[in-house]
Amino acid sequence: MSDITHNPNEPDPVLASFRKSIDNIDAALIHILAERFRITQAVGEYKAKVTLPPADPGREKRQIERLRKLSEEADLDPEFSEKFLRFIIDEVIRHHERAQRT
């Protein structure tokens, strides 16, 4: 147990610093995801134009395997990473299916 005590009526500067870092990382993640979706939107439009299917199960499998390996190397839970990537892939496919209909 730590010997550090904190008055709950005063702001905790250490916690505030951690939270500021988390907020900055969250903002960066949003910008990165926005850029990723801009690119996948272009992919969806291209696939619709050249009549390719919205989903590519082979690529999805390779991406998940690659990111699971990267997760392990980064000491991040690969199960979490796979769920996160699957969520993104499913959203991209949904956008690609919409592009096929327009």
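1. Which helices each supply at least two residues of the lining of the second largest pocket? They are α1, α2 and α3. Helices here are DSSP runs (H or I, at least four residues), numbered from the N terminus.

2. A word on the source. This is a predicted model: local features need pLDDT of at least 70, side-chain atom pairs count only at pLDDT 80 or more, and totals for chains, interfaces and linings use all residues. Residues are numbered from 1 along each chain as its sequence is written, and side-chain values use heavy atoms, leaving out hydrogens and water.

3. The second largest pocket holds about 310 Å³ of space. A pocket is an open set of points on a 1 Å grid where a 1.4 Å probe fits, with protein on both sides within 12 Å along at least five of seven lines; lining residues have an atom within 4 Å of a point. A volume is the space filled by probe spheres set on the points. R36, T40, R59, V92 and H96 lie nearest the centre, out of 15 lining residues. Helix α3 gives the largest share, five residues.

4. Now the largest pocket. Its volume is about 450 Å³. It has 15 lining residues, and L29, L67, F84, L85 and I88 are the closest to its centre. Two or more lining residues come from each of α1 (13-49), α2 (57-73) and α3 (78-101).

5. Look at S71, in helix α2. Beyond its neighbours within four places in sequence, S71 is in contact with L76, D77, P78 and S81. Contact means heavy atoms within 4.5 Å.
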